[in-house]
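Subject: Structure for you to look at

Hello,

Here is the structure I promised to pass on. My notes on its helices, cores and sheet follow below it.

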Amino acid sequence: MNRATTPAPAKPAASIPIELLLALADAGNPRDVASVIVRLAQAAPACKAATVLWALDAAMHPQCEPESQRAAEEIELARSAALRKSPVFTSDGRRVAIQLPHASPANAAILLLEVESASAGRQFITETRDQLKVAGRQLCRALEWADLQNALQRLERSESLQRALFAISDLAGSDHDMPDMLRGIHAIIGTLMYAENMFIVLHDPEADTLRFLYFVDVEDPDPPSDDRELPMNSMARSLTWYLLRDGKPLMGNPEQLRSQVSGPLAVIGPDSHDWLGVPMLRDGHAQGAIVVQSYREGIGFSADDRNLLDFVGSHILIALERKLGKDELEQRVRLRTFELAEANEVLQLEIIERQRTERLQVALFEIAELATADISQAEFYRRVHAATGELINARNFFIALISDDGLSLEFAYVVDETSETYATRPLGRGASEYVLLHGKAILTANDMVELAKQGEMDLDTVGGLAVCWLGVPLSVGEETIGLIVVQCYDASVEYGPADQELLSFVASQVANSLERRRSADSLRIANAQLERRVQERTRDLSKVILERERAQKQLKHQVMHDALTGLPNRAYLRDRLERVLQRLKREPGRRYALLYMDVDRFKVINDSLGHLVGDEVLKEVARRLQTCVREPDIVVRLSGDEFAILLEDVPIPDTAVKVAQRVLSVMAAPQQLDDGTVVEPSLSVGIAIGDANYQLADDVLRDADAAMYRAKKLGRKRIELFDDALQKGAVDVLAMEIKLRAAMLRDQFEPYFQPIARLATGAVVGYEALLRWNHPSRGVIGPEEFLQIAQDNGSIEAIDWKMFEMSCKQATRLHPGNDRIYVSINVSPHHFRHIDFDATLLALVKRCKLPPSQLVIELHEGSLIDHPQRVRDTLERLRAAGIGAALDDFGTGYSSLSYLHKFPLRMLKIDRSFVAELDSEAQNTSAKVVAAVIAMGHALGLDVVAEGIETIEQRDALIGLGCEYGQGFLLGRPAPIGNWIVQG
């Protein structure tokens with residue numbers, strides 16, 4: 001029996017024991033306060049274990065008391081309680097997280113309890129609410145006080161770091177030399193961290209070298225030099241090498257360092273207890289490094305030291321660069337100052353030399369101008385003397401020239417203060433001759449006496465001796481024509497090498513000027529003689545020019561006229577047309593006409609009667625055409641049997657038509673040849689009426705030619721005017737040519753196969769491969785729409801070979817195993833113009849793996865007319881290889897019977913025009929023709945195939961006439977290969 005129970009009255013909240021209150025008051029930091037709170041919680045009977053957690057916003061490890069590694073689910077439980085601000089129990093109720101009261105959001109603290117049950121946990125919360133409030137307030141104050149102390153320490157450290165950076169910057173800008181600056185930097189770093197042993201190294205990435213700028217180490221007995229570049233390889237695999245190569249800080253004891261580097265470690269120098277190095281980076285590349293190390297137990301480096309040194313290192317790099325840059329700049333300034341001093345000295349010398357050069361140039365220019373000046377020879381020498389005097393002392397000056405015969409010396413100009421006579425004399429052993437022999441000379445009176453003693457000079461020839469005498473030769477090319485001399489009788493004046501150089505320049509210019517004056521005199525004489533010869537030659541040339549003009553007129557006539565008929569030629573017509581077009585630009589209302597004519601069946605005349613008779617006919621045609629025009633109209637022979645008439649003024653088209661009718665009338669009269677043969681030449685005439693719309697002569701010729709070809713197609717011996725329909729036809733032909741080329745590139749052609757059957761049984765004995773065009777927009781197009789265009793533009797051969805290859809490849813799939821079934825392909829006459837057609841076709845058949853006996857080529861009668869011997873030889877070689885030949889559309893040509901027995905054929909194909917009439921009123925006539933063809937074919941041992949069978953009556957009639965094979969819609973329509981493979 002259940003009985004209701006009443007809850008026990010709540011116990012009054014217990015007070016905090018006095019000893020815990022004292023401990024709480026004495027606690028100075030968060031961990032001490034948390035320890036008191038743990039003791040307070042553990043004093044409760046329901047609590048099995050207690051932990052206080054704070055700093056829950058840390059990434060991984062919050063602070064806890066007692067210190068231990070807390071499980072992840074406990075940390076998540078504590079953070080959940082901090083967010084909800086209410087106790088949070090685990091699912092089993094044995095753990096509860098309680099947010100301590102009065103804790104700020106930034107310093108949330110959680111009491112994590114392990115209890116016997118959820119009810120025990122709730123009882124604990126109720127009983128200790130007041131104690132936890134007091135303890136939570138004390139913990140909050142302790143956390144805030146700790147935050148203030150940490151902030152103060154950070155501020156002090158930041159201030160210290162700032163002072164250090166300012167000090168480093170001041171050192172970089174001071175007058176201290178590099179060693180003093182580096183010692184100062186070492187002292188500054190020592191105020192921030194332990195740095196008794198420190199070195200700074202710089203790295204040159206381009207040269208791949210390093211240099212120890214600063215090195216202090218109490219243990220290393222052999223410090224590196226600070227003024228020597230070391231190759232990086234010399235310290236390969238060392239800590240410094242890894243630091244510079246990888247650009248990452250390294251810190252720790254030797255074992256820790258080995259795990260941090262990216263390869264094996266080579267130890268250089270004594271082992272340290274702790275080692276810290278940071279790279280000094282510029283744009284991500286290590287430009288150097290700063291390293292501190294400790295050899296003392298208990299003194300090491302922390303992450304804060306690494307971050308500090310990393311931060312300071314970048315500023316040290318800037319300071320080093322500033323100091324190195326300043327030192328380098330001072331060195332460059334000193335070097336530049338020295339260079340400028342030297343340059344200034346050189347410049348002063350250059351100024352003196354330039355002034356001297358300018359005076360020389362002025363003098364030389366004056367002398368050069370004298371060469372062409374209209375002055376006497378005496379005035380020329382006087383001015384040369386004056387110009388020379390501007391350069392050197394030339395009070396005593398003379399110019400001597402070698403005579404034309406080279407035997408004497410002529411003094412052309414002399415100024416001498418001693419009034420000594422300088423007369424022409426034979427070449428001897430004087431001072432002048434000494435210069436001519438040796439090139440140049442500076443002589444004193446003593447020099448001359450010494451040369452006389454040596455026998456190289458005759459003093460009697462020299463005359464009065466000068467104190468100093470300077471002479472240089474006058475040379476033109478390899479020839480010496482004289483010399484120029486200055487001399488002085490005053491001991492205070494002396495000539496040197498500089499004067500000799502100046503006088504050499506003057507002599508060179510004087511020699512050239514003398515030569516030009518001599519040349520000018522010779523030229524004047526030569527010009528006078530030349531003028532007389534020119535007059536004589538002009539009279540002779542006048543006669544030659546007249547003769548040449550006559551020859552040129554004759555040559556122009558020959559170039560612009562036809563040699564056979566004497567008519568103007570195509571070039572002459574183009575010139576006249578261009579002039580007519582120009583006139584129409586000025587008078588757009590005028591009209592003209594071009595009649596384009598071709599002699600009908602002229603090839604027959606040439607082939608049957610010979611080319612001489614053909615030439616006679618062409619001359620007669622030209623004569624008759626000339627009777628049909630009047631000035632300024634012209635008759636032109638364009639080429640071969642083509643002629644044209646240009647009518648320059650045609651008010652209406654009827655005018656041109658009347659002229660064309662007159663041409664046809666004149667040509668109608670028979671022409672009797674020299675051998676008595678009578679021919680009746682006729683013309684097909686095309687007319688283009690010209691107006692201002694035409695811009696080019698070629699356009700007019702093209703349109704008239706198109707009209708002429710239409711006249712020939714419509715039956716010859718007629719007149720056709722060019723109109724819009726012809727123009728559209730020409731445009732359509734051009735468009736079709738473009739589409740045909742695209743069809744070839746895109747493989748749009750395909751063979752359709754039509755069966756050839758035995759009429760009596762309907763059994764298929766072969767197929768004819770027929771060309772079809774799979775047009776992308778119009779669908780399947782038959783050859784009647786494009787075959788003629790392909791033949792005209794020459795693409796028929798490429799299309800045929802494409803068809804041959806596809807037909808032969810697909811034929812192997814028709815009735816496999818039955819080698820009696822053949823495939824016939826249509827061959828254009830163009831192919832028989834190539835002597836290697838049969839070899840190419842046989843190679844294709846072999847490549848397609850088709851037996852030659854299963855291939856038949858169909859050719860028209862036109863193929864037999866052109867080069868019949870070549871065609872017969874080709875067919876013979878094909879028959880010998882197993883390929884048969886069929887004569888298609890038999891009975892429609894004019895030479896079938898005459899050529900039939902000459903060619904190795906396998907079958908005849910009766911034209912559909914005869915078969916179509918077998919079920920009409922004209923059956924008897926057609927039947928007789930068909931019967932004759934069948935009988936002739938059988939007599940020659942040929943298979944006879946009737947084409948175009950569309951009705952049962954036609955088939956029965958053919959069977960009755962003895963025709964064995966047939967082809968047509970009744971027996972099967974042309975279709976792709978797939979249709980016949982299914983049926984087979």
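In helix H23, Phe837, Asp838, Leu841 and Leu842 are in contact with Thr874, Arg877, Leu878 and Ala881 of helix H25, where contact means heavy atoms within 4.5 Å. H23 covers residues 837–847 and H25 residues 868–881; helices (H or I, at least four residues) and strands (E, at least two) are DSSP runs, numbered from the N terminus. The two axes come within 9 Å and cross at roughly 25 degrees. Axes here are lines fitted to C-alpha atoms, for helices over the stretch in contact, with angles running from 0 to 180 degrees between N-to-C directions. H23 is therefore roughly parallel to H25 (under 35 degrees counts as roughly parallel, over 145 as roughly antiparallel, 65 to 115 as roughly perpendicular, the rest as oblique). The crossing is right-handed, meaning that the near helix is turned clockwise from the far one by less than a right angle.

This is a predicted model: local features need pLDDT of at least 70 and side-chain atom pairs count only at pLDDT 80 or more, while totals for chains, interfaces and linings use all residues. Residues are numbered from 1 along each chain as its sequence is written, and side-chain values use heavy atoms, with hydrogens and water left out.

On the H10 side the contact involves Gln377, Phe380, Tyr381, Val384 and Thr388; among the H14 residues are Leu503, Val510 and Leu514.

Leu841 of H23 also belongs to the largest nonpolar core, which has 52 residues. With Ile857 and Leu958, Leu841 is among those with the most contacts inside that core. A nonpolar core is a set of buried Ala, Val, Leu, Ile, Met, Phe, Trp, Tyr and Cys residues joined through side-chain atoms within 4.5 Å; buried means under 20% relative accessible area (1.4 Å probe, protein chains only). A separate core of 34 residues includes Leu514 of H14, along with Ala363, Tyr413 and Ile484.

Last, the sheet. Five strands form an open sheet in the order S19-S20-S18-S23-S24, with mixed pairing; strands pair if DSSP finds at least two bridges between them. S19 (634–639) and S24 (719–721) are at the edges with a single partner strand each, so one side of each has no neighbour in the sheet. S19 runs antiparallel to S20 (residues 642–647), joined by five bridges.

Regards

Key:
Buried < 20%, exposed > 50% of the residue type's maximum accessible area, 1.4 Å probe, protein only.
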